[in-house]
Every structure is written in structure tokens, then in C-alpha cells.
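Open the model in your viewer and keep the selection tool at hand. The stops below are meant to be taken in order.

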Amino acid sequence: MAQFKSPADLARTRQRIISRRARKRFIAINASGTCGLAYGSDQVFQAFVAEIERQGLTEQVGVRATGCLGFCENSPIAIIFPEEISYFRVKPSDVPEIVSKTLAGKKLVNRLLYKDGNGKKIVREGEIPFYKHQSRIVFGNNRLIDPKSIDDYIALGGYSALSKALFEMSPEEVVETVKRANLRGRGGGGFPTGKKWETTRNAPGEIKFVIVNADEGDPGAYMDRSLLEGNPHSVLEGLIIGAYAIGSHEGYVYVRQEYPLAVENLFIALNQAREYGLLGKNIIGSGFNFDVAIHRGAGAFVSGESSALMTAIEGRVGEPRPKYIRTAVSGIRERPSNLNNVETWATVPLIISKGADWFTSIGTAESKGTKIFSLVGKVNNTGLVEVPMGMTLREIIYDIGGGIRQGKKFKAVQTGGPSGGCLPESLIDIPVDFDELTKVGSMMGSGGMIVMDEDDCMVDVARYFLTFLAEESCGKCIPCREGIRQMLHILIRICDGQGQTGDIELLEELSEVIQDASLCALGTTAPNPVLSTIRNFRDEYEEHVKERRCPSGVCKALISYYIQPERCQACLLCLRECPVGAITGGKNLVHVIDQDKCTKCGTCLEVCPPRFAAVLILSGEPVPAAPPQGTKVERTKGTQQ
Amino acid sequence: MKKVQKVTLTINKREVRAKEGMTILEAARDAGIHIPTLCYHEKLATYGACRLCTVEISRNGRTQLVTACVYPADDGLVVKTDSPRLTKIRKMLLELMLASSPAKTIQGLAQQYGVAKPRFEAKKTNCILCGLCVRYCNEIKQANAIGFVGRGTERRVVFFPEIASTVCASCRECFSLCPTGKLPSETDGVCFDDLTLEDFLSTKQAKV
């Protein structure tokens, strides 16, 4: 492939790719995304390739291994274009039927279609409720792109934004456009991107750096991973545009080593971009030079903090710097360094192509555009969702997420990862944007959204996040290291039923100092999971401390499992499954849990058939005396064994 | 040579002249104003870990908490080195340190800020991880015989036997820097098991 020497070269190549594919249908399988691969989508992909060849359809149908398609839990997913016929949970054995019925013929394979809550089958992707309420402007191209193919990206107009920036706009105009679009950082803080660019652009010094922050590490979040895996060129194009705007000729992608597929696809993308003359010297013949190196992170959450990330790139231990000078002015090797998150960079080409006005037409007054969330936890539909800023939590959880699993009661939604907070039902109607979430004591963060139901204990949730932070703090400054250590101590004590009067207040006191005195943002936001759960669920904390009761039945030290003798049908299931042999009884004999032996693993509750529902979790009340040994069961009508 | 510019700032309502490029801490000390520190050393690069030197600054009507050992003494800056909020912070920091390091220096400071008995429990490590020894060995001696290992609450200081066994016996300069007095008396960490540094140095042989 010859290098592009002018915008016309790029446009011609694009036309050629499009016309070559013009009359071809294609089928997308999420076989280049970790979520799909975990479900075996690569085998489905291989099966399609083989079967299409066997049925002689290679000329008519292309097969594309795409990245994450959002609805991960239904993987492997196959979408047939242009009709957007969507098949879910496809097995390799389904493939011959799909090819002969849907690709060779015009029939559907009904059993693989999406079924909504009422059992109605839905054919087209865009009509499925999970997708219908989204606006996938950044993430949507994942389904049209094989991330290992730059041609797929170019066919969609890829790199035309770069071409436009280089040939039709001055660097100042690019900065101005991003400023006018009011794009705010998608990595957590929501700092205005254009302003940051301007700071680095105006900072003194010839050498400047631009960096992609792909050190995503919030538990349960995988937006950046899926973008890098599924559409690496969009991130790269944004980065090159930013470099041009800022006046930088060297860039870095700081990506976690734990994201092997993202690293692989990124390397391929960089090499392809270099081959096409989109990276390196004289990009598209514009005279602008820029290249990128990949820095693989060794797995420290704190390295996502800007100064720690830059210290790590310098080859030292990734610890935050104590300096009060922004990395935008003095970053890598004390040069001005502009750091933006993966999703922020991927949004840039769209703004340049479609204009600032288009972008500001989406979203709320102060938060423009869309945001990708990883919607996980106790919702019916889990996956990656992209919604316009300002959509309410309720719409995301109920319209897209399909509500709470098993008809249980919503309790809280955690946003913003370990720096964020838990919001209760009373706040579920707030519009999701940077400022609204901060106002109620949580934050946007990088886009984690964990939904919790009545079975989740909020003290336990706080304990979980503090455990994470105790491991992930760098340990340098006293308030963060020692403060988190002590907060975690207290939380463990409360969960263990050893909570003391004054513990809740002590947590609050510690929180205040950790927020005020910590060196970096990991520390100053570390108390948020604790403070937000105390603020919104204080009674739960008090029940743990004062009544030694865990109302959600989670904290092992505060609960007992109990088999109700009048409901037990002596089916022997729990008796056999109990891993510690704590259940006595027998055929026709009521089963009884030996409380001294019980390890509270919950297996008995899990295996007890719902029609008996004999096992209860008790908390804050004594376990009733066991019936005398050898008590026979009372048979309930219709449940004869 | 470029003439050093002077700046004027206000510390505790007193006008203080300082050289440009100084930190608030340096400016304050020059003017005889005390700000407590534990991890600061004039010969070492600023570190900002103990946070005891946190002060309040205000500019353009905004108040902000910063560490005096790092923040530059800018012209026109208004600094408060003591306030109820700062006392609260220092008191808590000392209480946290005291839980693991009941050394005299820490106790003295703690008493000064009214910490009686810490409400926290922690393993007695006698080390507050101020990093003075590590930084001194690295920056001044350039020997790198001692360093940090571990992250978060697992962070600790260890001697690296292969280097320590050759350089530490004749140096021991880091001992006098240690604010808790841990260094001369004991060391812990993966390299030493139960050996004290003295034991270690007397055998002159690394037991890894």
C-alpha cells in the first residue's frame, strides 16, 4: 500500500474500498472483543467463514470479526447487514442453518432472535429495547469494523477528520472547535478538553507530548477496553488531531498489560497507520510529523492518575508527584504533556467531522455529547451502553437495562468506581451528567455503573471498595495509606458484628481528613464510597452497629441460615450439597442446620427448590430451637417426593 | 548571573520576603515561622508524604489546602499555618501515625496537637514511611541500598542485601535521619527476616 500523499489519495482509497464492497452483505460476529471471545465467538466466526465458503457465498457475503457489540451477556452475537438481523447466543452448530436460511435464503432462524420480556421476538438490532434507547455515536461503529482492518475504518470515513484538520483548519481552529464543543474529559474529572489542549499548546517548550490514558481500572468497568479492542483507529485519529492542535510530535498510549487484545489491536493499528502515511513523517502530505509509542502499564490502579502515569512512562514507579504544577504544563520529563482518556480521544474525530454545533446539540447545558457506561450488576440487560448526557438513571436502568433481575427491589446504583458513590432510589430520576452526579455526592468517573438490589448490603459494598483502595493506593502519603487502612479496619469490624458506638462518626471524621490532606485524587476521593453509603443508607450502618443485624443478609458474622421445619420437604438436596456436612436429617426427616458447623456459604438457600423455599436467612434474631431429631416432614399438597 | 528576584507574601498576617523559587516552608522558616514536618529535608527533593506541613492559602478569595514543602512562595500569596481546620488535620495525621509508630518524636508532636491515645490499632512497625532513608541513600549517597517495596497498606522499607552488605557498614548516615529511631534499632522486610541491621551487618552476608 502506497502512503497517502494528499487528502485526495485518502478519498480515492475510500471510494475504492466502498465500491469493492458495494453489493456485498456482511455478517458481524463479536470475535475480536474479549467479551465475545469468552463465550466462544471465535469458533462461531470460523464456522461462518467455512460455511459461507462451503455454500459458495464468498462473493456475496463478507464475514467480519468485530469488537464488543455492547450486549455482551448475549454473546456470541451475529448481526447480518444491511438488514441488521441480530442473532444471539449463536453456537457453531447454528451456523449452517443461519447461512442457508438467512444468507442464502430470506428466512429467519427464529430461535436465535431476541425475545423481549413478553416473549415477543425482535428481528432488528435497533428495535431491541437495550439498543433502542441508546445513541451510539462513539461506540456504534464497533459493529461495522474489524479492528484489525484499517480499510473498514477508512470505509466509514475514518481519517477524514484528520485530513480536514490538517488541510482545512489551523491548529488554533482545532483547539477552538473542541473548546466550543465543550467536550469534557471522559476519564473521570470532566475537565474541559479544549482548555487542557490550549494550556499545553501555550506552555513554553518545543517538545510536547500527547497521551492516551488507557489505564482503566475501576472494578466492573470496561468501556475503554472495548473501544481500544473494537475501534483502535478512532482513538488514534483523535490523538493525531490533538497532536496537531497542540503542536506535539510524540505521543504515548498508556495501556494496561492486562488488556492483551487491546494491546494487540493497537499495535496492528499503529503499523497500518504508518503504512498508510497516517503516522510518521509528513502525514497525508501535510508536512506534519507525529508518531506514537505504546507503554504497557504493570497493573497499578494509581497509574491512571495523570502525574503517576507520566512518572511511569518515564520508567519509574508510578506514584503521583507532589507538585502543584499541572502535567499539561510540566508532565513527562517536565515537558508539557496533554493526557486524555480513550473515550475522549475517540470523540474528537466526530467533533471535527460534524462540527461543534452538532456535538453541543446532544446532552445537557454543561455536559455535551454522549457517555459510555458499563451497566452491570443486578439488571436484566448488562453490557456497554452509550447514552446522551442527561438521560436519567431510571431510564438507563429500566428502559435499557430492563429493570432489576428476578423482579427484586432496586436499592442503589454505584457510579464513578472507587472514587464515586452509591445513589439511592430517591435520586434515581436525576439526569446523568458530570455536575449532577457530583452534586449528589457521586461522580461520573470513567463510566462504571453497578446496579444493586435489596440483597446487597451497603456497608459490605463500602468495605469492598475500601479493600480495593487499600491495595491500590500507592502508599506514599499518610492520610491515604493510614487513613484507608483504618477506615477498612472499622468497616470490617462493623461487618463482623464488632462495630462500636462512634464508629460511624469516626469514619466521617477520617473521611474529612483524607479528603483534605491526601496527595492525589485517589486519596481525596477514596472516602466517597463510605461517605455516600453513610449519607444515603445510615440506618443500615446503625443496624449493623447497634442491633448487630445485617438487613440484607450479607454480612456472614451477622446472619444465620435456618431451615423452616414446616416447609422442609426432606428432598435431601441441601443435605447433600452442604460442603461442610452441617445439615442433618434424612429421607422423610426434617433437615436441620448445625449452626456451629455452618460456614454460611449459602449453598442450602441456593439449592432449596423455590416451590419449597424452606431456607431463610435470619439476622438480628435468635435461630429457633431445632425440632427434635427424627421429626418427620409435613407433606404439603402436591409436593410428594 | 541573573539576580534573584524577591517576592512578598503574607504568612500568618505577617509580611514575609522570600527569594523567588522558594517554597512556602522555606520562606516561613527563613522568617522564623514554624511549620511542623516529618518527611522534609532541606537537602532532599520535596516529597510531600507526611502532609503535616499542610497550610491554608488564599488567593482571589479562594481558600485551598496545600503542602508548604512543595507549594511555591508566590508573590502576593496569603498563608495561614494554623487554623482549627489545620489542627484537625494534623491531629488526625499524628493519631494515625502514632497507631503504628509510638516513637518519641511522634508522641511529642501528638501531645502538642492534643492527641491522647490513638483510637486506632495497627501493627507496630515503627516506620511512618517518610522515605528519608530511602531518598538520602538514593539522592545523596547514590547507593540505592534501601528502598520501598509493596503498594498501598503493604508498602514498607527494605534494605537490598546485595548492595547493603557492601555499603551500609561504613555509612549508616541514614540512621540519624530516621524520625522514629527505627533504623538503628531494627529493620524489617523480606530481605532480613528477623535479623536486625546490626546482625545483618555483622555477618556481612546476605541471607536472602
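The tour goes through chain A and then chain B.

This is a predicted model, in which local features need pLDDT of at least 70 and side-chain atom pairs count only at pLDDT 80 or more, while totals for chains, interfaces and linings use all residues. Residues are numbered from 1 along each chain as its sequence is written, and chains are lettered from A and ligands numbered from 1 in the order in which they are written. The model scores ipTM 0.90 and pTM 0.92.

**Stop 1: the domains of chain A**

Colour chain A by domain: domain 1 (20-134), domain 2 (150-360), domain 3 (370-453), domain 4 (458-546) and domain 5 (560-619). Such bounds come from an automatic or database domain assignment.

Select domain 2 and domain 3 of chain A, whose C-alpha centres lie 27 Å apart. Here 16 residues of domain 2 of chain A are in contact with 16 residues of domain 3 of chain A (C-beta atoms, placed from the backbone, within 7 Å). On the domain 2 side, helix α10 (residues 223-230) of chain A gives the most, with three residues. Helices (H or I, at least four residues) and strands (E, at least two) are DSSP runs, numbered from the N terminus. That side of domain 2 of chain A has four nonpolar, six polar and six charged residues. Ala, Val, Leu, Ile, Met, Phe, Trp, Tyr, Cys and Pro count as nonpolar, Asp, Glu, Lys and Arg as charged, and the others, Gly among them, as polar.

**Stop 2: a helix pair in chain A**

Next, select residues 171-180 (helix α8) and 232-246 (helix α11) of chain A. Show the side chains of A:Pro171, A:Val174 and A:Val175 in α8(A), which meet A:Ile241, A:Tyr244 and A:Ala245 in α11(A). The residues of this contact are six nonpolar, no polar and no charged.

**Stop 3: the domains of chain B**

Move to chain B, where the assignment gives domain 1 (6-82) and domain 2 (132-203). Seven residues of domain 1 of chain B are in contact with seven residues of domain 2 of chain B. The domain 1 side of chain B has five nonpolar, one polar and one charged residues.

**Stop 4: confidence in chain B**

Chain B averages 86, and 87% of the residues score at least 70. Where is confidence lowest in chain B, and where is it highest? It is lowest in helix α7 (residues 197-203) of chain B, at a mean of 49, and highest in strand β5 (residues 78-80) of chain B, at 97.

Definitions and conventions:
Two residues are in contact if their C-beta atoms, placed from the backbone, lie within 7 Å. pLDDT is the predictor's confidence in each residue, from 0 to 100. Axes are lines fitted to C-alpha atoms, for helices over the stretch in contact, and angles run from 0 to 180 degrees between N-to-C directions.
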